[in-house]
Amino acid sequence: MIEARHLRVLRAVAATGSFSAAARELGCTQPAVSQQMKALEASTGTPLLIRTSREMRLTQAGEVLVRHAAGILAGLTAAEEEVAAIAGLRAGRVRLVSFPSGSSTLVPTALAALRAAHPGTRVSLVEAEPPRSVEMLREGDCDVALAFRYGTPTAEWDDLIVRPLLTDRLVGLVPEGHRLADAGTVTISDLAGEPWIAGCPRCRRQLVEVCESAGFQPRIDFATDDYPAVIGLVGAGLGVAVLPELAIESVRPKGARTVTVEPAVRREIVALTLPDLAHVPAVAATLDQLGRAAAR
């Protein structure tokens with residue numbers, strides 16, 4: 001195997017014409033230069049220098065190696081500088097995937113702070129709901145996944161680094177003229193006879209489970225994954241809905257009122273990454289800024 005340090009010695013010998021001159025240029029001893037050259041010739045399996053009493057010159061193999069050494073050493077120096085920039089957060093890239101209500105609330109604050117602190121770090125964003133976002137992380141399509149889960153934590157994320165961010169409570173949404181608009185707090189059973197507008201499939205499953213535990217099956221008249229559309233349909237008086245607080249925070253509910261729903265249903269908002277990625281400086285900085293954004 002050819003080592004970079006051997007190539008540096010070969011270039012110095014070729015440029016100066018002797019081991020002693022190369023040693024002075026490199027700041028080492030002549031025996032050290034001689035030893036390095038012997039090691040390089042052993043690695044290549046062929047002589048690289050012709051030594052006579054009057055001169056030292058390169059063999060054909062030595063000339064080829066010196067010609068390539070310049071590019072190899074330049075590329076290695078560039079690589080070292082780029083890695084140092086990434087390690088020092090003067091450069092780097094983070095691929096983030098988030099669910100929509102997280103994209104409109106936590107992500108902007110976190111990424112603005114990250115850019116201010118580390119302007120050389122670039123972050124890309126795509127949207128996906130869990131479990132698809134978690135699959136993207138495991139498949140190598142992103143570096144950080146903003147995700148959520150309901151109920152008691154299970155082993156589904158045991159292979160990942162889980163950074164808890166906040167607990168997001170589900171709230172009820174009714175039209176302004178609804179009989180419960182001024183109630184403040186309602187039970188899920190109070191909404192049993194209402195037409196429903198459902199959110200994303202994952203939220204819909206949770207809604208159905210909560211309603212069934214209260215003894216009724218929700219009549220879902222409208223189904224949409226778009227939270228502003230849900231709020232618009234409720235505001236138009238076409239039904240009621242249950243949405244996460246983050247979704248309400250990101251859109252002004254024109255024509256609709258929020259009410260507290262009992263029993264409380266909460267989802268845990270987390271940032272996920274792979275164990276090895278957690279040690280990458282740009283990824284660690286992104287996780288920290290998401291945590292700060294959630295704490296505000």
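Just after helix α2 (residues 19-26), G27 takes a positive phi of about 75°. Helices are DSSP runs of H or I of at least four residues and strands are runs of E of at least two, numbered from the N terminus. The model is a predicted one, in which local features need pLDDT of at least 70 and side-chain atom pairs count only at pLDDT 80 or more, while totals for chains, interfaces and linings use all residues. Residues are numbered from 1 along each chain as its sequence is written, and side-chain values use heavy atoms, with hydrogens and water left out.

Within α2, the buried residues are F19, A21, A22 and A23. Buried means under 20% relative accessible area, against over 50% for exposed and partly exposed in between, with a 1.4 Å probe and protein chains only. The buried residues of α2 pack against α1, α3, β1 (49-51) and β2 (56-58), where contact means heavy atoms within 4.5 Å.

Two packed helices are described by the angle between their axes and the distance between the axes. Axes are lines fitted to C-alpha atoms, for helices over the stretch in contact, and angles run from 0 to 180 degrees between N-to-C directions. Angles under 35 degrees count as roughly parallel, over 145 as roughly antiparallel, 65 to 115 as roughly perpendicular and the rest as oblique.

The axes of α2 and α3 cross at roughly 105° and come within 8 Å. That angle makes α2 roughly perpendicular to α3. In this contact, F19, S20, A22 and A23 of α2 meet Q30, V33, S34 and M37 of α3. The residues of the contact divide into five nonpolar, three polar and no charged. In this classification Ala, Val, Leu, Ile, Met, Phe, Trp, Tyr, Cys and Pro count as nonpolar, Asp, Glu, Lys and Arg as charged, and the others, Gly among them, as polar.

Between α1 and α2 the axes also come within 8 Å, and they cross at roughly 120°. Helices α1 and α2 are therefore oblique to each other. Their crossing is right-handed; a crossing is right-handed if the near helix is turned clockwise from the far one by less than a right angle, and left-handed if anticlockwise. On the α1 side the contact involves R8, V9, A12, V13 and T16, which meet F19, A21, A22, E25 and L26 in α2. By class, this contact of α1 with α2 has seven nonpolar, one polar and two charged residues.

Helix α1 (residues 4-16) also packs with helix α3 (residues 30-44), at an angle of about 115° and with the axes 9 Å apart. The two helices are therefore roughly perpendicular to each other. Here α1 passes α3 in a left-handed crossing. R5, H6, V9, L10 and V13 in α1 meet V33, Q36, M37, A39 and L40 in α3. The contact of α1 with α3 has seven nonpolar, two polar and one charged residues.

Elsewhere, the structure holds two aromatic pairs. Rings of Phe, Tyr and Trp (its six-membered ring) pair if their centres lie within 6.5 Å, and planes under 30 degrees apart count as stacked, over 60 as edge-to-face and the rest as tilted. F99 and F148 form an edge-to-face pair, with 5.1 Å centre to centre and 85° between the planes. This pair links distant parts of the chain, 49 residues apart: F99 is in the loop between β3 (92-98) and α5 (100-103), and F148 is in strand β5 (residues 144-150). Both F99 and F148 are buried. F148 also forms an edge-to-face pair with Y150, at 6.0 Å centre to centre and 80° between the planes. The relative accessible area is 0% for F148 and 13% for Y150, which is buried. F99, F148 and Y150 form one aromatic cluster.

The peptide bond from P130 to P131 is cis, with omega near 10°, and P131 is placed in the loop between β4 (121-127) and α7 (132-138). Another cis peptide bond joins E262 and P263, with omega about -5°; P263 is in the loop between β11 (256-262) and β12 (266-273). L89, although not a glycine, has a positive phi of about 60°. L89 lies in the loop between α4 (60-87) and β3 and counts as buried at 15% relative accessibility.
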